[in-house]
Every structure is written in structure tokens, then in C-alpha cells.
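Have the viewer open as you read.

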Amino acid sequence: MNTGTTKAWFQSRAMHMHIWTLTLAIHLAASSTLFYSIESQLEAFQVKKERVKEREVYLFAVDGKRRPYSYINEEGTLTGFEIDFINQVCSVAGKLCYTILAEYQECIFTDRSLDYAGRGLMARWFHGCPGYAITIDRLNEFDFTLPYLDGIATFTVIPGNPSGFDPDSDDYSDFTIVHLSGAPTNEPCLRRLKKRFGKVLIAQDLPEAKAVLLNRTADVLFSPRRKIDGLETLPARFRCDINGAGIMLKKGSNVATWWDPAFTKFYSSGAYAKLCVEASEKYKANISCLNSLSEAQKLHPYQSPPQSSAEPDKLWTFVVSGRIAPYSYLNDEGRLVGFTKDFLDRVCTKAGKRCTLLLAEVSECTVRKGELLYPGRGLLEGWFDACTGYFDTYDRDNSWDFTLPYLVSYASFYVAIGNPSRFNPDLDDYSKYTIVYAETAITNAHCLNRLHKKYGKLVVVPDRSDAINMLLNRTADAWFTKDDGAPAIEKLPQQLHCENVGTSIMTKKGGELPLWWNKVFQEFYTSGEYNAFCREKGREFQTKFPCLPEPTWSVQQQGL
């Protein structure tokens, strides 16, 4: 190897060594950085673990689709005004809070014009749902914190308003209205606004609502939105809410007891106004902040009544479907009223118990599959304590407990006007007739067997409207039911019994409610107060309720 070649070889070797050393240094630095990153995360995890150990964690659920309030940003992070707001109020309260994602139906949903609490809130997956308008009809079902956002209701149409919809009119009967499931802009709100209306559709989300507008299935969208891309929001402004939107809570929640004082302090310090300004700039959008907290506070509290000193932690919750007037229904203002609510209030007051009546779908209390009855999810999972207005039957005794009966009940047969099939309930053999009944009714095959009736074709339908339609279109001869006052059909006079005793309150097997309820109700009945109450309610609702007979002297002496 000559001198030039040797020199070149050493220079090349030195260069390779330099590159290798530099590469090693970079790898070591990267490893060090990675190790430091993991170490830092472990330290942060330990800190978080200690914080969680020290105090309760509060979870608030948003659907992540409401920019600028809560949405997923370009990096995939949940962000928005409500995220910042909740963090700051929780900091003032000294509480550990997280905002998580959940579909809105886990908070609230609409079924056949009535709103019901969602599974997530009822099952305590989280503590509250931020950004929900406080309305009269929602207060039947939920508690709320103080409002922190202003509310609005608008009507939106296809550009140019081809249907000629006028929001200022008192009569919307000629127009098909669509609203979003679970929204405050619903049928109860239209009634409070004194609007007459006809067909109302329910859309599960905004894309569906836009679709039914654009394909002309609906004429107008009633919503709490100021602007919807691609559509025209009419200038008229309405209110469905009571002073705005707050955090929607399960009935009996304790969240408002610490949130409201913390929010009041946050507001009074000027931090709320500061956050509103900063958020408008940060998210490049107008935030519907409150103009005045005192205005929002003054109407009435948004929580359940104060706790009883005897049982500070227990709110007894009863449910109804809200579809059976005059027993339980929403009045024109959207308030849950009726015989059942007043009856519960009276007995609970006598017992010194803290009680509330909520709405729940029938399937949360009882589910039928074929001829078998199963307890509903809501009752089994403890979403509530009891279901009112259920009949104590042999098949229900398998899976539920019942209170003493508070109404007398009978089963009847309905037929088409004039009884064209000549159905006779007094017969022992119904084999040549088609009989229909509702799937959750106690007027079923088991009851017909107990009545020693032979039968042929039985048809099970989802609800009373399907049964009535079958009579009207002559696909059934008779409807076997406990219902009373069905329209456009004829009730036959014969009365039959499917239940052990009468209408009772149904509880989970082994439930504690009957233990105190029966004692108090027995005193209420034997004193004569119950029958006086029934007469009073009969006058109020202009209905003859099937109340228990007046107590005899022996009953008064011995109890029920």
C-alpha cells in the first residue's frame, strides 16, 4: 500500500468511526429521552392515582358533537368551552372531575313524544350531562345544577321557506314539524307556547333532521340551534327552557350541592365572564353565556326536595309510563300530574319519606317473551325502587314483590262497534274467535287458563293502538284488556279477574319498599282518609276511579 492510499484509508476509517460515534450518541440520547418520557408518565400516573385515592371522581358526559362547547379537535382531543368550564368550576370546588364521551341517548331520549332518562345516567355510568336546557317537562325526570348557558328555540326551513311556514302563527296544524330526539324543543314546549300542531316527527340526529327537511317529508325543524349549515333559520326566537341550560343530573344526585356554590363563587369572582371572552376568541365562536346569574337563580331550585333527617341518603323513586290519563300524564305545561302522583305524595308524606315519581318505559319494569314475564332492566339494576299501577298476578309473583292493592281492577273484552262477530265473554269456549292482547298485559293466555276458557288463535301486539286497529280492520274479534275508555270500539259489560287482588306497586323481589309502605297505607285506608282522597280526586279529574270499597268496622279494627 503506497503512502497516498494508506492516508486515504485512514481518513475513510476515521470518518466511519465519527459517523458511528455520532449515531450511537443519537441513539443514546433518544433512549434517554424515551426513558425520561416513560419515567415522567409513571410519575404523573402515581400522582393521579394518589389524587383518585383521596377523593371521589366525578364524571360528566358529552357527545363530542357540539362545537364550540364540546368536540374532538384535529389532534383527536376532546376540547371546547364546557371542558374548560367544568375543569375550572371543579377546581374551585376542590373536586376531581373528568369529562368523557357518551352518546346523547345515554343521557336522554324521546319515545313517542315523551322524554325518558337514558341508561348511562340512570345506571350511574357518569354523574351528569352538561349543556342541557332546564325545562318544565325535564324537571319531572331530572335534577339540574344552576344554568350556565343561555337558551333559545328556533324554527329552521329549506332556503326560501317553500312551505311558507310562519313561526308567529298560533296554528301549525298544516305543517309537519320535526325535532331532535331528547331536545327541549318538543311537543310539551309547543303546548307551552300555545301552538296548535298536527304531525310531529322525531329525528335521531341532525343529519336525519336535515334529510327529512330536504326531501320535503317535513316542513320545518324545531331546534335549540341558532344556525344550521345549508338551511335557513327563521328570525323568530322562542324559549323552551327555564333560564337556560345547566348540568342534567339523575334525580336525587348530590352534585348540585357542591357545584352550585362553587359556580356561584366562580361567577361572582369575574372568572366566568373572563372565561366566556377567552373561549369566544380561543374557539372562534360566540358562546351563549348568561347575562345575569341572579336572573337565572330566582325562579326556583332545580333539585329534588331537601333530604329527610330520618333517612338523609334515601330518595324513594317510583316510575310510570306517563301515558295513561288521568292516572299519570303530562299536562299542557309538561308537568307530570294525575291520580298516581297525588296518591304517592300523600302516602309518602304520611310515612315521612322522601319520594319522587319519574317516567320510564314499560320495558324497564317488565318484559314479555312469548308467555313468560321477566323483570325489566331498570328495576333489576336499581335505577328506581318501584313501578306503579301493576296488577299482582300468579305469573308476576314468580319474579316480583307487590304492595297491598290500592285500586280494584277488572279485565274486559272490547269488540268493534255492534260486535259483528257476536263474541260472548260468558262462553267457556272461544276457539272460533281471534283474540288480541298487548304483550306486557296480564290479560293473556295464563289468565284465560285460570278462567277455564278454551281458546284458539291468540295474537300478541306491542300496544293498545295495535289491538284497536285489529278490531277496526276486522283481523281480530275481541281485545282482552284491563284498559278502560278506548275510543271508536265497544266495551262488553262482563267483568273478569286476572289478578290476585288489584292494582298495586311492583318492586324487585326482596325489595324493602313494601315493609314501610304497607303499614302506612293500611293506616291511610282504615282511617277513611283513602276513600275521602279518592272522592276528592274523582271530582278534580272528573273520573270515577276504581277505588277500594269503604272499610268496614271489622277492617277498621283489624286492618286490611
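The largest cavity is lined by I108, S113, L114, D115, D137, R138, E141, F142, N186, P188, L330 and L359. Keep in mind that this is a predicted model. That cavity has a volume of about 70 Å³, and the structure holds 3 cavities of 30 Å³ or more.

**Cavities and pockets**

- Sorted by class, the lining of the largest cavity comes out at 6 nonpolar, 2 polar and 4 charged residues.
- Now for a space that is open: the second largest pocket takes in about 1,600 Å³.
- A set of 50 residues lines the second largest pocket, and K65, R66, Y69, P224 and R225 are the ones nearest its centre.
- Which element gives the most to that lining? It's β8, with 4 residues.
- At least two lining residues of the second largest pocket come from each of β1 (57-62), β2, β8 (128-133) and α5 (206-214).
- By class, you'll find 25 nonpolar, 10 polar and 15 charged residues around the second largest pocket.

**Salt bridges**

- Searching the whole structure turns up 27 salt bridges.
- Buried or exposed, what about E82? E82 is buried, because its relative accessible area is 0%, whereas R66 counts as partly exposed at 28% relative accessibility.
- E536 and R346 form another salt bridge, with their closest N and O atoms 3.7 Å apart. E536 sits in helix α15 (residues 529-541) and R346 in helix α9 (residues 339-351), so this pair ties together parts that are 190 residues apart in sequence.
- Both partners count as partly exposed: E536 has 32% relative accessibility, and R346 has 30%.
- E536 and R346 also belong to a network of salt bridges that links them with D342, K537 and E540.
- E364 and R377 meet in a salt bridge too, at 2.5 Å, N to O. Here E364 is in the loop between β22 (355-359) and β23 (366-369), while R377 is in helix α10 (residues 377-380); the two are 13 residues apart and link distant parts of the chain.
- E364 is buried, with a relative accessible area of 8%, but R377 is partly exposed at 35%.

**Aromatic rings**

- The structure holds 47 aromatic pairs. One of them joins Y267 and Y272, with 5.2 Å from centre to centre.
- What is the arrangement of the Y267 and Y272 pair? The pair is tilted, with 35 degrees between the planes.
- Y272 counts as buried, because its relative accessibility is 2%.

**Charges over rings**

- K314 has its charged end over the ring of W316, 4.4 Å from the ring's centre.
- K482 does likewise with F391: its charged end sits over that ring, 4.4 Å from the centre.

Note on methods. Residues are numbered from 1 along each chain as its sequence is written. This is a predicted model: local features need pLDDT of at least 70, side-chain atom pairs count only at pLDDT 80 or more; totals for chains, interfaces and linings use all residues. Side-chain values use heavy atoms; hydrogens and water are left out. Rings of Phe, Tyr and Trp (its six-membered ring) pair if their centres lie within 6.5 Å; planes under 30 degrees apart count as stacked, over 60 as edge-to-face and the rest as tilted. Buried means under 20% relative accessible area, exposed over 50%, partly exposed in between (1.4 Å probe, protein chains only). A charge sits over a ring if NZ of Lys or CZ of Arg is within 6 Å of the ring centre and within 35 degrees of the ring normal. A salt bridge is a side-chain nitrogen of Lys or Arg within 4 Å of a carboxyl oxygen of Asp or Glu. On a 1 Å grid over the protein atoms alone, a cavity is a set of points where a 1.4 Å probe fits but cannot get out, and a pocket is an open set with protein on both sides within 12 Å along at least five of seven lines; lining residues have an atom within 4 Å of a point. Grid points are joined across faces, edges and corners, and a volume is the space filled by probe spheres set on the points. Ala, Val, Leu, Ile, Met, Phe, Trp, Tyr, Cys and Pro count as nonpolar, Asp, Glu, Lys and Arg as charged, and the others, Gly among them, as polar.
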